[in-house]
Structures are given as structure tokens and as C-alpha cells.
Amino acid sequence: MKLYRAETGSSIPWNNNNTIETLEQFNEAIEKCTGIPPDIQIILTSRGDIVKENTLKSVVKTTDKNEEELVFCYDTDHLNAEDDIIQMVIEREVPSLKAKRVFQGAAQIQKIHKEFRSKTAQENCRAYKDILNVFKDYTEYVMETIHTHQIMARTIIREQKNQTMAINVGLSSLKTYMNSITEITTSFTKRGKKELKKQTKLLATLDQDLKALEHTELYPAILNLLDSKDRNKKNLKEFLNTDEIERIRKETQVLVNDLTINISDLEQALAELKGFVQDLVDYVSENTHLQWLDDVYSHTTVIIRSAARCQKDANDCYGRGQTALQEMESNQKLDNHHRKFTTLHQLVLYILDDPLTDLEKDDDHLRQYLVQFIDSKRKSMNTYFNSMKTISKIHTHIANIQLLCDQSWDLLEHFKKKFGKRDLQIVRQTLFSYGGLLLEVLRRKRYNYVLTINTSTLMEILAKYHALEETRRGYFLKTVKNSLPFTLIGFDQVAPQGEIQLFGTEQDSNQDEMNEEEVLNIISLMTNIYNSQGPSMAKQPSFLKNPKSLLKASKMDENQKSSSFLDVMTNHLNNMDSDFLTAIWTEFFPEKEVNAKRIKQVIAQQSIIESALNDNEKLNQEEDEKLDQEEDEKLVQKDQKDNEKLVQKDNEKLVQKDNEKFIQKDNEKSKQIDDEHERQLAKLREDIKNLEIEKESLENKVEDLQHTANSIHNESQNQKKINALQAEIAKEEFDQKVYIYIYIKLHLIFFF
């Protein structure tokens, strides 16, 4: 683990990894290193996560250097500190430049040169030796200063990067909290707006709903289903507690007002929060110049290399000068070394003018860059403290949003808990539920009708099948029984007969009073009125959500939930005939897929045929009446005069023409109906033809059996009769199959 002080970006020495077991020990160890008490510490990882008890071990005891956690320690005292205290902290942490030494090298050389002739050679040697030592000491001091400033620059850059990372860690933690509160707030506003829209609509239409209940009178058939104490009530409104409805209206209005204000405040606060965070991100981005620091530091490395070359050049000159002075001092005839002193003087001047001057320039340039680094350090710390104060204020803003959001949730949940599913929606639920009751009564009436009609048909089919069985048994008794060499006991019993009975239809006698067309018009008017008021006018009653068959039978439109179950029940009512035909189809033709389209066509054809037959009956009655009238007219005309006969003949011609036109139209219409019948019969003939082919095949088999019977001469007469009986039974079974198949086909096509 690497520990950093967030305020300065400085690295804190840490070697307590093996002794830390609890979060309390961790905070105490940090206090020893930084002097920050545990109660004002905020410890964050580089990912923006707060170090907690359950994450402490993974943070502290990581041994892999590549996976070491970067941990930042924040001092919360600085979040509320005054500006002058902050400036004192900044000035205490900002480093200062090393003092620049005053160098009088040129003056010392001039002094040596001026006093050269007045001094002895030994004194001049010592003077030049002293000045070379001064130059060397100054060179070492300048180089030491340059290296110190280089380390200072590198430290400032590293600490600024760490400090910038600390700001980003704080931003990362802030964004985590912001995303959390945004999700919570968005969740509430979405739910709150949905509830607000619903309750607002219910308030706006409550009077209309109550008026609709007041004008909805109960059918007598419905009144008969009620308890005796409720039969004196004439409309739906009388079944509701109006005082309770008014109380719910007032509390709903309070809820709507509070939700409107709270949702608006939350949305505004959330928008401000996002703006604060974005402004902070922009501020940090504008005041962070890490790339500039790296670029400037690259220039300092060039200066360091230049200073190193100057130092090397100066040291070489010092070496040559010291060597020359040693040679001169070892030579006893120094008076003859005037030329060597001249050369030594030129060497000293070179050192002063070239390597030392360049070294001083490098030192000045580095100091200029370091001044920029120090100023950047000061600005970086100011940016940090300003950012942390802003982050602290944003956290306070988030806490206020959380508080308002919690209060809003409590407000909504209190309303839901108090009224549950009995809010203002109960008014409209009553109206739609009554519509569902009407549809249910009609559906049960239709069920009784379908059950009664089809039960009669099935009973007729069973009776015919029973008669056929009696015929077959009689044939056996007459043809075979008397030829048996033994007596059969109890074999002359009558064939079992099936019966179908209906139960419970008398319980729904009140249903006959319901007018189906009138009820359907009421349901259609009800759904059209409420659906035209806009989407989500009312929610589907909760107690109608449980029957899965209702939900599966129809795809509900999100904008028409209020009347969806009425549409489903209407579809159930309209599909009862097709449901019965589907059951018949599945029972008799299980290997074929149910053809819903074909069933609908059959139902439509049945309606057309019934309508056409009714029209034909009416036309035939009219035609008979006209013919009777013509006969009466003819009897009257015989007693009239000749001129009246001529007029009558003309009238008869006109009447005949009219009758021909009428009959022609009637024949055309009958022909269309007959053509439709012919198409159905043609299909049946084709099926019969296929059965006849099968019949011929069976007859051929019968002939083969007869041929075999004739070829066997030693069989008895009884055996011949048995063979003939088997052939006859096979033929009769085939005929029976044909009969049943044709009967079922005709029943499906024409009966319904």
C-alpha cells in the first residue's frame, strides 16, 4: 500500500502492513504518520472507494507491487477552514529556492593582476592557488544548488500529480454518490409522475364518473340477483359511500399538490447537482496542467546536462592550473616563470568567462523554471482546497436531495397504505365491473342456448345409432342364433341406450330478460367514452388481473387498460359458437389442425343460408297470395262485359310481365343459393365416390370369400351360412360408416 497526503500530494512513509488487523488500528497508524486524528480522516482508494472493515485486508496486505493500492488521506478540517488558514497551509507546504551566493571572481582576478608585480613569485602562486580553490568551491556550490533545485522540481511535479489524482479520486467518489442519488430520484419521479397523472385524471373526471353511476340504472335481472336489502336501490351511485368518496377526494388533492411540488423540486435539485458537478469538472480541467509540467521539466534536464558539461570543463581547468602551480612551486627559479604566470592568468580568465559564466546562466535558467513550478504548486493546492470545498457542498446538496426524496416516498407510501386499492379509482371500477357483470349474464345466457341446442342434436344422433344397433341384433337373432347347436342365455337383451340431461338451466331464468343488443351498445358506448378521454384514464381493476385466461385471450393496449377486460369478455361472448365447433372438430378430427378460419366461414355461411331461406319463404308466400288474387280476378272477369274482358286481358299481360320479372329475380337469387349448395354437395359426392371405391374393394374381397367357400366341398351348410353372414356384416359395417360420415358432414354444414 502506498499512502499519500491529499492536501499536498506528498508521499507518507508506511511500513505497518503486517501489524494492521482492524480499521481502528489503521486509522491510528495513519494518525502517527500524518498527525490527522481518526475522527477527521477520510481514507479513499484510487478507485474512489472508502476503506472499510471488509475491504481493509485487501488494501493493506497486498504484497504484489504491481497491485499495490494507492490510498489518499483527506483532512476534513480544511473543508471549513478560513481562507487565511488555507493560505498559511499553502505557504508552509510550498518550498523555497536555495540562496544564491555572491561571487566576486572578476574583482579578485583584477586584484591579483594589479598586485602581481609588487609580490613575489611565491605569493603570486599562493594567490592563484587560492582563487582556483575559490572557483572550485563556487562551482561545487552552484552544481549542488542545481541538483537540489532539480530534485525540488521533480518532487513538486510528483506531488502535483498525486494531488491531481486525489482530486480525481474525490470526483470519482462524488460521481458514485451522484449516480446513486440520480437513480433513486429518477425512480421516484418516474413512479411519482405516473401516480400524479393517474390521480390528476381521477380528480378531473370524478364528477363525471359519479354522474355516470347516478344515471346507470340496474336491470331487473340484476336486481333479482342482489340481496333483498339492496333491491330498493335503483342506480349504481346508491351503492357507494359518497362521504367516503369526498374524503378520498380531499386527501387525493393534497397528495397531488405535494407530489407536484416535490417532483418539481427534485428535478430542479437534480439538474442543479449535475450542473455543479460539471462546473467542478471543468474547473479542475482548466486548472490542471500536468502536460505543461512534463514539458517544462524536459527543459530542465537539458540545463542539467549543460551544467554538468560546464562543471567538467571547469574541473579540467582546475586540474591543469593546480598542476602548473605545483610545477612552479617545485622550481626554485620562479623569477624565470613570468610566461607561465601569464598562461595561468589566461586560464583563470577562461574559467571565469566560460564554464563559470555558463554554469551561472544554467543556474539562473533553472531557478526561473523552478519559480514557475513553485507557482504551479501554489495554484495546485488552491485548486485542491477549492475543489474539496465544492465537493463538500455538493455532498450536502446530495444529502438534501436524499432527504426530500425519502419524504416524498413516505408521502406516497402513506397514501397507498391508507387507501390501498380503494382510492378514487373505485368509482370507475364500479362502472366497468357492472359492465362486466352484464356481459357475464349474457354469456351465461348464450351458453345455455348453445348447450340446449347441441344437446338435442347429440341426443338425436344417439337415438339413431341405438336404432341401428337394434336392427343388427335382430338380424343376428333371426339369421344365426337358430342355427347354433346350443342355446344362448341372456343374449336377447335390448341394446343399451345413452341419454343426455341438462341441469341448472332453470337457475338462470332471469337471463331471458336481458337484451343482448342493448347491453352490447351500452358496453361499446362506455368504452368509447372513456377511451376518448386520453391514455391511462383508469387502471384495470386489480381483482381482474388474476384470471390468466382473460389476459391471454386478448392483447391489451397500454392506453386502454381501463376497458380491456370488457373487450375480452365481449370476445368470449362472441366466440361461444366457434368454441363449440372447435371442440367438435377436435373430437372428430384429432389428426387435423383446427382451422379457425374455416369455422368462421361455416358460421358465416350458416347465417347466409338461414337468411336466404327466410327470404325464399317470404317470396313464396307473396307469390301464393298473388296467384290467389289472380284467380279471384279471373272469376269476376267472366261475369263482366266483352270490353271489360279486353281490358282484363291487357291487364293480365302486364301482370304476367311483372310476374315474370319477379320470378326471374327470385330464380336468380335461388340459383345463387343452389350453386352454393351444389359446391358443398360436390365435395360430399367426391367423398362418397372415394367411399364407393373402398366399397368396391370390399365387395371384391367378399367375392373372393364366396369363391373360397365354393371351393371347399367338405364344409357343412352352417359354415357356408357363417361365411355369408360375415360378408353381409362387413358390407353393413361399411354402409354404416358411410352413413355416419355423411350425417356428420351434413350436420356441420347445414345444421348450425
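Me: Hi! Is strand 3 largely enclosed by the rest of the structure or left exposed, and why?
Reply: Hi! Bear in mind that this is a predicted model. Strand 3 (residues 41-45) is largely enclosed by the rest of the structure, because 4 of its 5 residues are buried.

Me: Which strand does strand 3 pair with, and in what sense?
Reply: Its partner is strand 4 (residues 70-75), and the two run in the antiparallel sense over 5 bridges.

Me: And what stands opposite Leu44 there?
Reply: That would be Phe72, in strand 4.

Me: Switching to helices. How do helix 4 and helix 5 cross?
Reply: The axes of helix 4 (residues 105-115) and helix 5 (residues 121-214) cross at roughly 175° and come within 11 Å. That angle makes helix 4 roughly antiparallel to helix 5.

Me: Which residues make the contact?
Reply: From helix 4 you have Gly105, Gln108, Ile109, Ile112 and Glu115. Helix 5 brings Asn124, Ala127, Tyr128, Ile131, Val134 and Phe135.

Me: What about helix 7, how far apart are its end C-alpha atoms?
Reply: They are 65 Å apart, which agrees with the 66 Å that its 45 residues (242-286) should span at 1.5 Å a residue.

Me: What does Asn241 do at the start of helix 7?
Reply: One of its side-chain oxygens reaches to within 3.2 Å of the backbone nitrogen of Asp243.

Me: Last one: where is Val519, and is it buried or exposed?
Reply: Val519 is in helix 12 (residues 516-531). It counts as buried because its relative accessible area is 0%, and the cut-off for buried is under 20%. Val519 and Gly435 are 84 residues apart in sequence, with 8.4 Å between their C-alpha atoms.

Conventions. Residues numbered from 1 in each chain as written. Predicted model: local features only at pLDDT ≥ 70, side-chain atom pairs only at ≥ 80, totals over all residues. Heavy atoms only, no water. Buried < 20%, exposed > 50% of the residue type's maximum accessible area, 1.4 Å probe, protein only. Pairing = 2+ DSSP bridges. Expected span 1.5 Å × (residues − 1). Polar contact = N/O pair within 3.5 Å; in protein donor to acceptor, adjacent residues only side chain to side chain. Axes fitted to C-alpha atoms, helices over the stretch in contact; angles between N-to-C directions. Parallel < 35°, antiparallel > 145°, perpendicular 65-115°, else oblique. Contact = heavy atoms within 4.5 Å.
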